[in-house]
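User: I have a model open and want to learn how to read its features. Can you take me through them step by step?

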Amino acid sequence: MRQLPILAALAIALISPAAAPAATVPPVTAQVTDGTVPVAPTDPATLDRLPPLPRGHTVYVRLALIDKVVEVAPGIKYRAWTFNGAVPGPVIHARVGDTVDVTLTNTASMGHSIDFHAALAPPNIAYQTIEPGKTLHFAWVATSPGAFLYHCGTPPVLAHISNGMYGAIIIDPAAGWGRAAQSFVFVQSEFYPKRVADSDEYEGDLEKMLSGVAQVVDFNGDAFRYMMKPLHIAVGTPVRVFVIDAGPSHFSAFHIVGTLFERAYVDGNPANLLRGMQTLAIPPGGGTVAEFTVHQAGKYPFVTHAFGDADAGALGIFDAH
Ligand SMILES: [Cu+2]
């Protein structure tokens with residue numbers, strides 16, 4: 001009797017139409033070479049901006065793995081593991097059909113990797129860990145629009161994400177996002193710091209990471225950064241936000257006080273349209289693209305409505321003129 005459900009499942013699998021083969025997706029190969037290549041560091045001031053699309057249909061992404069002390073909250077100097085010396089790593093921007101050509105070079109003190117949620121690729125090939133002093137190269141074709149996470153996938157992934165190894169990759173639909181809008185990119189994440197003995201610096205605490213009780217929660221790697229330095233928006237002009245939740249463990253309940261989202265795309269895919277949303281549920285490893293307009297000058301806080309996390313730093317201000 002116990003075999004019946006298995007047999008039924010097999011029968012269903014045999015008679016169900018197969019998913020359409022992804023015939024247009026070229027295979028991904030990867031090469032690891034000795035030595036590192038020079039990479040320009042990422043300016044943290046650029047992390048809320050969507051960079052322009054490059055000319056042509058290949059997006060060259062050059063990322064260096066770097067150990068760096070960064071401030072993740074007022075007074076918390078954190079020994080981070082980074083892409084390009086910034087937390088999050090740089091915003092990557094491509095469109096459906098583009099080839100994303102990735103060079104990952106390891107100048108850090110341990111092995112790391114990169115996992116693109118936007119890619120169709122065998123992880124053991126494309127997302128392999130490379131040791132210090134090595135460089136990995138691979139390329140993939142973007143097939144689906146969205147607001148995606150990239151992150152280091154080297155075990156323990158919890159520690160590699162908690163220590164700062166993530167960023168946003170935005171894939172535009174082939175026809176673009178529609179109406180003109182002011183754009184902002186936000187990556188929500190959390191930190192679990194402990195003080196390093198005989199130092200004023202902090203490092204990740206694996207016990208705290210496992211507990212999931214974060215001390216610092218932030219947008220773009222620095223708690224309260226947009227409360228101290230609000231972002232300016234224009235009254236009557238649509239604003240488009242690309243929000244990604246890097247986690248590693250907390251969901252985002254992204255909300256803007258004083259307005260509603262006219263439309264939102266779950267995971268940033270226009271096929272997943274929502275309208276008239278108050279709060280957007282974004283899981284760790286997920287994203288959303290949403291649009292709103294304010295109709296009166298004022299200060300509009302944006303938060304995760306999980307208020308323990310807002311009080312821990314995931315709170316900013318849109319200043320509308
Ligand atoms: Cu890593």
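User: How far apart do the C-alpha centres of domain 1 and domain 2 lie?

Analyst: One caution before the number: this is a predicted model. The domain assignment gives domain 1 as residues 26-172 and domain 2 as 182-320. Their C-alpha centres lie 20 Å apart.

User: How many residues from each domain take part in the contact?

Analyst: A general point first. The size of an interface is often given as the accessible area lost when the parts come together. Here we have residue counts instead. Domain 1 puts 34 residues into the contact, and domain 2 puts in 38.

User: Which elements of domain 1 give two or more residues to the side that touches domain 2?

Analyst: They are β2, β3, β8 (146-151), α3 (157-162) and β9 (166-172). By class, that side of domain 1 has 22 nonpolar, 7 polar and 5 charged residues.

User: How many bridges join β2 to β3, and do they run parallel or antiparallel?

Analyst: Strand β2 (residues 58-73) and strand β3 (residues 76-83) run antiparallel, joined by 8 bridges. To see one on screen, find V69: its bridge partner in β3 is R79.

User: Which residues sit on the covered face of β19, and which on the uncovered one?

Analyst: In a regular strand the side chains alternate between the two faces of the sheet. Strand β19 covers residues 279-282. L280 and I282 make up its covered face, T279 and A281 its uncovered face. β19 pairs antiparallel with strand β16 (residues 252-256) over 4 bridges. Within that pairing, F254 has L280 as its bridge partner.

User: What lies between β17 and β18?

Analyst: The two strands form a hairpin, with 6 residues between them. β17 (residues 261-266) and β18 (residues 273-277) run antiparallel and share 4 bridges. A264 is paired with L274 in β18. β17 also runs antiparallel to strand β20 (residues 286-292), again through 4 bridges. There, A264 stands opposite A290.

User: What is the phi of D267, and where does the residue lie?

Analyst: Most residues other than glycine have a negative phi, and most peptide bonds are trans. D267 has a positive phi, near 60°. Its place is the loop between β17 and β18. D267 counts as buried because 21 other C-beta atoms lie within 10 Å. Now look at N84, in the loop between β3 and β4 (92-95). Its phi is positive as well, near 65°. N84 is buried too, because 20 C-beta neighbours fall inside 10 Å.

User: Which residues touch the most other members of the largest nonpolar core?

Analyst: A168, I169 and V243 do, in a core of 88 residues. β2 gives the most to this core, with 8 residues. Domain 1 and domain 2 each supply at least three residues. Take I169 and set aside neighbours within four places in sequence: its contacts are I92, F116, A118, F148 and Y150.

User: Is D172 buried or exposed, and what does it touch?

Analyst: D172 lies in strand β9. It is buried, because 20 other C-beta atoms are within 10 Å. Not counting residues up to four places away in sequence, D172 touches L53, R95, V96, P145 and W177. Compare sequence with space, too: D172 and H93 are 79 residues apart in sequence but 7.7 Å apart, C-alpha to C-alpha.

Definitions and conventions:
Residues are numbered from 1 along each chain as its sequence is written. This is a predicted model: local features need pLDDT of at least 70, side-chain atom pairs count only at pLDDT 80 or more; totals for chains, interfaces and linings use all residues. Two strands pair if DSSP finds at least two bridges between them. A nonpolar core is a set of buried Ala, Val, Leu, Ile, Met, Phe, Trp, Tyr and Cys residues joined through C-beta atoms within 7 Å. A residue is buried if 20 or more other C-beta atoms lie within 10 Å of its own, exposed if 12 or fewer, and partly exposed in between; C-beta atoms are placed from the backbone. Domain bounds come from an automatic or database domain assignment. Two residues are in contact if their C-beta atoms, placed from the backbone, lie within 7 Å. Ala, Val, Leu, Ile, Met, Phe, Trp, Tyr, Cys and Pro count as nonpolar, Asp, Glu, Lys and Arg as charged, and the others, Gly among them, as polar.
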